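Hi there,

Here is the structure I promised to pass on.

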Amino acid sequence: MAALIADSAGATRIRHEAFAEIVQAVRDAGDAVLEVYGSGFDVESKADGSPVTEADRRSEEILVAALEGVTPEVPIVAEESAGDLLGRPAPQMFWLVDPLDGTKEFISRNGEFTINVALIEDGSPILGLVLAPALQRLFMAAPGMTPLVEDESGRREIAARSIPPEGATVVSSRSHGDAEALERFLQGRKIAASTAAGSSLKFCVVAAGQADIYPRLGRTMEWDTAAGDAVLRAAGGRVEDLEGRVLRYGKPGFDNPHFVAFGRS
């Protein structure tokens with residue numbers, strides 16, 4: 001039985017059983033990451049100078065194997081094995097996988113790293129799973145489903161908020177970013193508070209109504225953002241480039257422009 005189906009309006013849906021399998025795979029990947037996290041792991045450098053650990057590789061193996069089993073017809077673009085795909089046109093539908101987002105947070109052991117899985121259709125993220133294994137927090141969104149967060153308190157719905165009268169709360173990167181560029185971007189806006197977070201959790205903070213704006217004025221790749229973007233869109237928010245265009249996926253090289261994530265208008 002196919003995992004992905006079209007509803008009466010032609011929109012893609014994922015069967016409950018298939019979604020549950022993918023959620024379990026994300027949790028299994030989280031367990032593998034935490035096993036490495038609790039050990040004396042080595043840190044290597046990739047060709048672009050970014051760090052990578054055994055946790056990245058073990059997580060990606062688990063996720064890719066599970067996605068191939070559930071949706072063998074859907075191509076997978078995963079961070080650690082994406083090299084051969086960077087110069088090719090993106091398919092109409094594909095998975096984007098970041099097996100360990102926030103490796104610097106992982107190395108510094110602050111807990112703010114995530115595992116990201118997103119399904120892209122026609123350039124838009126339609127399904128997203130963001131697991132912060134050290135925080136025991138899972139954000140999820142899928143077609144036809146209200147976005148949810150699951151943590152030690154249970155499972156509950158989330159929704160982005162409109163900016164309060166007292167002003168916006170801004171969330172920025174804990175390990176990346178240009179403070180001067182951020183200050184210039186925020187000039188003229190009424191800002192009530194600022195906070196910082198690691199990895200794709202910044203999208204989820206906005207999606208959960210705990211912040212209003214997340215500007216990213218630096219380099220990111222599509223696998224860094226797609227899952228959190230899917231959760232935020234499902235929660236009523238949006239992600240735009242600096243020209244006000246909705247962020248698209250499947251771009252040449254899978255590079256993102258600078259962008260801003262917003263809560264509800």
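First, the ground rules. This is a predicted model, in which local features need pLDDT of at least 70 and side-chain atom pairs count only at pLDDT 80 or more, while totals for chains, interfaces and linings use all residues. Residues are numbered from 1 along each chain as its sequence is written, and side-chain values use heavy atoms, with hydrogens and water left out.

**The cores**

The largest nonpolar core has 37 residues, and Trp95, Phe106 and Leu129 have the most contacts inside it. (A nonpolar core is a set of buried Ala, Val, Leu, Ile, Met, Phe, Trp, Tyr and Cys residues joined through side-chain atoms within 4.5 Å; buried means under 20% relative accessible area, exposed over 50% and partly exposed in between, with a 1.4 Å probe and protein chains only.) Two or more residues each come from α1 (16-37), α2 (54-70), β5 (76-78), β6 (93-101), β7 (114-121), β8 (124-132) and β9 (137-141). Helices (H or I, at least four residues) and strands (E, at least two) are DSSP runs, numbered from the N terminus. The largest share, nine residues, is from α1.

Leaving out residues up to four places away in sequence, Trp95 touches Ile22, Leu67, Thr71, Val74, Pro75, Ile76, Val77, Val117, Ala118, Leu119 and Leu127; contact here means heavy atoms within 4.5 Å. Another core, of 35 residues, lies apart from the largest one and includes Ile120, Trp223, Val231 and Leu247.

**Rings**

There are nine aromatic pairs in the structure. (Rings of Phe, Tyr and Trp, the latter by its six-membered ring, pair if their centres lie within 6.5 Å; planes under 30 degrees apart count as stacked, over 60 as edge-to-face and the rest as tilted.) One of them is Phe203 with Tyr214, edge-to-face at 5.2 Å centre to centre and 85° between the planes. Phe203 belongs to helix α5 (residues 201-207) and Tyr214 to strand β14 (residues 213-216), so this pair ties together parts eleven residues apart in sequence. Both Phe203 and Tyr214 are buried.

Tyr37, Phe41, Phe106 and Phe113 make up one aromatic cluster. Arg109 lies over the face of Tyr37, 5.5 Å from the ring centre, and the charged end of Lys251 sits over the ring of Tyr249, 5.1 Å from its centre. (The test is NZ of Lys or CZ of Arg within 6 Å of the ring centre and within 35 degrees of the ring normal.)

**Helix α2**

Which residues of α2 are buried? They are Ala55, Asp56, Ser59, Glu60, Leu63, Val64, Leu67 and Val70. They cover an arc of only 140° around the axis, which puts them on the same side of α2; the arc is that of the directions from the helix axis to the C-beta atoms. Glu61 and Gly69, on the other side of α2, are exposed. The cover over the buried residues of α2 includes α1, β4 (51-53), β5, β6, α3 (103-108) and β7.

**Two loop residues**

Glu112 is in the loop between α3 and β7 and, at 15% relative accessibility, counts as buried. Beyond four places in sequence, Glu112 touches Glu105, Arg174, Ala197, Gly198, Ser199 and Leu201.

Gly123, in the loop between β7 and β8, counts as buried at 9% relative accessibility. With neighbours within four places in sequence set aside, Gly123 is in contact with Leu247, Arg248 and Tyr249.

Best wishes
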